[in-house]
Amino acid sequence: MSAVVGAPISSRPVAYAQRPLRTIGALGLGEGLRLLLHPIFLGGALLTAVLLASLPRATPGASYWGLVGWGFLPLAGATLLVTNLAALRGRRHATEELYGSLPVGPEARTASVLVAALFAAALTAVLVVAAYVYLGAGAGLKIGWYGETAVPSARELAQGPAVVLLFGTLGVVLARWLPHVVLAPLVVFALLVGEAVVEGTTPVNTFVDHGKTWFFPVANPSVTSAGSFWPCYESPANPCFVDRFAAGSVGWHLLYLSAFAVLFATLALTRTRRPGVLLAAVAGPAVALAAAALLQRP
Amino acid sequence: MTGIRLRQAAPLTRPVARSLHRLPLIACPALAFGVAALPRDPALQARLGAMVLCLSAAFLLDDPARATIAAVPLPLLTRRIHRVAIWLPALAVLWGLLLWYTAAPDQGSRTVELAGMLAITAAAAALLGSAAAGPTVLAILVAGWIPSLGWAHLADDAWTLERGAFLLAVGVSALACVSVDPARRRRLRLPRRAHAPAASGALQG
């Protein structure tokens, strides 16, 4: 009895204190399954599937462009909304104080939603493979008016899952630092419209601004000759001659996206725990990588 | 009846206006004018701006006191119309400014389209909560990218009026259906519940 009375009082159960990763993994599994079955996520996946399936009927290059990233933007937007709603769940249902009485702290709940973003990225990878087979990309996709074809590289194909992961972490960081349900749709809207304006395909846009494309989540990897733009627009009267696809720069772009994902995840976790040293340790390299990626132009 | 409702609504206007979420009412018009400032097609800018303005209106239905005031005599539909009507003059001014700034053609058709998107977004918010408003607007945006959906194309102006009228009809019908006062819904169900024991008794007999 005296041993019990004299024991140190811990605010957390021993199981969580000793094995936090196991707890976060269990929570993350639940959050991941909730994300995959969420109506908004399913709607985004459906829109992505319809968009990818309809692109072969559009202009040359649209299928290639959809497969290397553009087609996965609806799914990325849906992921951002769902992770944002998941991270705001306690606030939306007014149960933050109730959660405070649980043995697991807020940082574990944040980490579990970040784990759920990995589920979305994994599903996107599956969709990329399915679309690759469905579109017959292994035999080459049409990229010009005169029968030119090209096979997307692995780095280009990785853009879709990377963008979904980035958007998922962005949803969590928005929920932690700017907790209002209106902001996530506005951010998604601004990102999608920004992409469409800078590098969209028909009919939204008529040109690609190569100077700005590497700043945006989905980068257009085409290197065109003067006077040309890609993907092709409307008719052969608008030239779309592709010199090459800048696979090397896409590699740097993937690093750029990963760095931002790590940065967002760290910012989301530090909202409740505030480990200043960890923030400095991770944010520094993230910014450095981002700068390095921006310096890489085709 | 309308006169009574108006008399009831008048003193409620100030407290209801105070209860509106201010962030969407500021952030959405700001983004709408940000989109309008992009150096692109005026018709497209006006359409994108309309989408963001719709998003702001959907958050009007998000009443933090809805559970508390569910029992007041004013019906749910009237309370919702009241909340939207408070913001409508400001929305009309913002939309007029947006049209003037972008100099978009076919302004009448575009206004019908705005009303249609507004009704659809508000219906989604009324049915599933304000969190559903964003996905609804984004789904309309992304539908404009799908080549096979010709009528939904963002840059296609040929179907603006028809698209707006369709969205308006669907949106207003859906909003009216989901805004029937719960007390009235319960009254409609009561006879069926009253008959239930008798029916089971008849089956047993």
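## Confidence

pLDDT, the predictor's confidence in each residue from 0 to 100, stays under 50 over residues 196-205 of chain B. Where pLDDT is low, the predicted coordinates should not be read in detail.

Across chain B, the mean pLDDT is 78, and 80% of the residues reach 70 or more. For the complex, the predictor gives an ipTM of 0.78 and a pTM of 0.84.

## Ground rules

Residues are numbered from 1 along each chain as its sequence is written, and chains are lettered from A and ligands numbered from 1 in the order in which they are written. Local features need pLDDT of at least 70 and side-chain atom pairs count only at pLDDT 80 or more, while totals for chains, interfaces and linings use all residues; side-chain values use heavy atoms, with hydrogens and water left out.

## Chain A overall

Chain A has 15 helices and 4 strands. Both are DSSP runs numbered from the N terminus: helices are H or I with at least four residues, strands E with at least two. Of its 298 residues, 51% count as buried. Buried means under 20% relative accessible area, exposed over 50%, and partly exposed in between, using a 1.4 Å probe and protein chains only.

Among contacts in chain A with a separation of 6 or more, 71% join residues 24 or more positions apart. The accessible surface is about 13000 Å², and 69% of this surface belongs to carbon and sulfur atoms. Areas come from the Shrake-Rupley method with a 1.4 Å probe; for residues, only the protein chains shown count as cover.

## A helix pair in chain A

Helix α4(A) spans residues 39-54, and helix α6(A) spans residues 73-87. Their axes lie 8 Å apart, at an angle of about 175 degrees. Axes are lines fitted to C-alpha atoms, for helices over the stretch in contact, and angles run from 0 to 180 degrees between N-to-C directions. The two helices are therefore roughly antiparallel. That label applies to angles over 145 degrees; under 35 is roughly parallel, 65 to 115 roughly perpendicular, and the rest oblique.

On the α4(A) side, the contact residues include Ile40(A), Phe41(A), Leu47(A) and Leu51(A). The α6(A) side includes Pro74(A), Leu75(A), Leu81(A) and Leu85(A). The contact divides into 11 nonpolar, 3 polar and no charged residues. Here Ala, Val, Leu, Ile, Met, Phe, Trp, Tyr, Cys and Pro count as nonpolar, Asp, Glu, Lys and Arg as charged, and the others, Gly among them, as polar.

## Chain B overall

Chain B has 8 helices and 0 strands. Of its 205 residues, 43% are buried. Its accessible surface is about 10500 Å², with 69% from carbon and sulfur atoms. Among contacts between residues at least 6 apart in sequence, 72% join residues at least 24 apart.

## A covered helix and a loop

Helix α6(B), residues 133-143, is mostly covered: 9 of its 11 residues are buried. Among them are Gly134(B), Pro135(B), Val137(B), Leu138(B) and Leu141(B).

The loop between α4 (76-102) and α5 (107-128) of chain B holds Ala103(B). Phi of Ala103(B) is near 55 degrees, a positive value in a residue other than glycine. Ala103(B) is exposed, with a relative accessible area of 55%. Asp106(B) lies in the loop between α4 and α5 of chain B. Phi of Asp106(B) is also positive, near 50 degrees. At 46% relative accessibility, Asp106(B) is partly exposed.

Technical notes: Contact means heavy atoms within 4.5 Å.
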